[in-house]
Amino acid sequence: MKLSNKHILVGISGGIAAYKIPELIRSLVKAGAEVRVATTPNALQFVTELTLQTVSGSRVYSDVFAAVNEHATEHISLPEWCDMLLVAPATANVLAKMAAGIADDALTTTIASCVARKPVVVAPAMNDKMWESPATQNAIATIRQWPNVRVLEPVEGPLACGVVGKGRMPEIDELQEAVTYALTPQTMSGKRVLITAGGTQEKIDPVRFISNYSSGKMGFALAQACARRGAEVTLVCGAVSASFCNPFGRIRRIDALSAREMYQACLAEWPQTDIAILCAAVADFAPAEQASEKIKKCENEKMGKCEMSLRLTLTPDIAKALGESKQAGQRLIGFALETEHEKENALRKLERKHMDAIVLNSLRDAGAGFAVDTNRVTVLLPNDNSFELPLQSKESIAEGILSALGF
Ligand code: PMT
């Protein structure tokens, strides 16, 4: 996700997770953002000022009374400058000060002057017992009520103190996704979106199946883009090899490996859905019978058989079923993956399945379609209108599709 020209203020407090923040800053800068840093004095026990200055390309604000400060009031000018503030890691101490409005160092004075005016993301990280303490939970409950603030839940896992529990700061890609949420206009707020992703697996016997090359990347990029814009997303996943970020839990995942399971999951979700985007590569045919035991090669060989036939039957068409039961106000978007007569085939599917738009990608385009990180698509609408999105990352394609559809 591009962050060109965005001004991001990163606030660091004194926890071991601070060691990850220089890597995050590099990644934000790589995405095009300008980054400045404010810290508590203790944060500099875990990560050096020189490192932070080098990766951000800007002097670090860590001492309210330092003679070298550009202005005497950087805790006021930095919040003016930034588009959003990320506090990561946020220690129990900083959370308690935030909730109480205590401002006694470079970071907490900056937070106090930012929190009412700019989007703020807070990523608590600490020992699990400190996280569970009533004081921390009260502080978090207070902070959660503030309209500009989003709290990124700590995750379960091994903690620096040697125990396993809830208290880890989420990984860098989750933090970066949380930053992009805070910077994205919430144009899909209140919308419930159903997305299918990945390929289906149609079982032959307990060890074999028919499938395709879909990785889930395109569908996941769409799910993230909708969630970023404020939608509540239900993601029905077939077989996938990719992963996705879900910093604020707006994406609910349902696994449905076969075409029939995916059909049942989608039909159950459809009545409470505003927009469905069907990106999964669903098998059109599945074995008519599934063998309950592994089909043995040697038995066929003994009978002198060197061929084997599979009888296939049509799977249910999810898009068609949703299209036929579509209610006023619901929108159905499909995908078409073609290898020839692309536009004609896609438009035929759009009409036959009662879709409101279809996104065409072709396996004839290098860098498009299955498994790769990029795609090139044409968004086709029933009124002969279309939007071409040239080759770019699947993340940017997803954003482009949503914008082309007016979401
Ligand atoms: O996952 P990736 O590796 O990132 O790859 C992405 C992709 C290439 C899979 C994706 O961009 C894509 O093109 N998805 C649709 C692939 C496909 O099955 O196209 P189709 O032309 O066969 O199907 C047309 C539409 O009907 C699709 O929306 C499909 O989800 C839907 N369909 C198809 C069969 C069926 N039984 N039920 C359906 O709903």
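## Basis

In this predicted model, local features need pLDDT of at least 70 and side-chain atom pairs count only at pLDDT 80 or more, while totals for chains, interfaces and linings use all residues. Residues are numbered from 1 along each chain as its sequence is written, and side-chain values use heavy atoms, with hydrogens and water left out.

## Helix α7

Helix α7 spans residues 134-144, and its buried residues are T136, A139, I140 and I143. Buried means under 20% relative accessible area, exposed over 50%, and partly exposed in between (1.4 Å probe, protein chains only). Helices (H or I, at least four residues) and strands (E, at least two) are DSSP runs, numbered from the N terminus.

The face of α7 turned away from its buried side carries the exposed residues P134 and N138. The cover over the buried residues includes α4 (92-100), β4 (120-124), α6 (128-132) and β5 (149-151), where contact means heavy atoms within 4.5 Å.

## Salt bridges

The whole structure holds 24 salt bridges, each a side-chain nitrogen of Lys or Arg within 4 Å of a carboxyl oxygen of Asp or Glu. One of them joins R59 and E74 (3.3 Å, N to O). R59 lies in the loop between α2 (49-56) and α3 (74-81), and E74 in helix α3, 15 residues apart. R59 is partly exposed at 29% relative accessibility, whereas E74 is buried at 7%.

E269 pairs with R252, with closest N and O atoms 2.7 Å apart. A network of salt bridges links E177, R228, R229 and E399.
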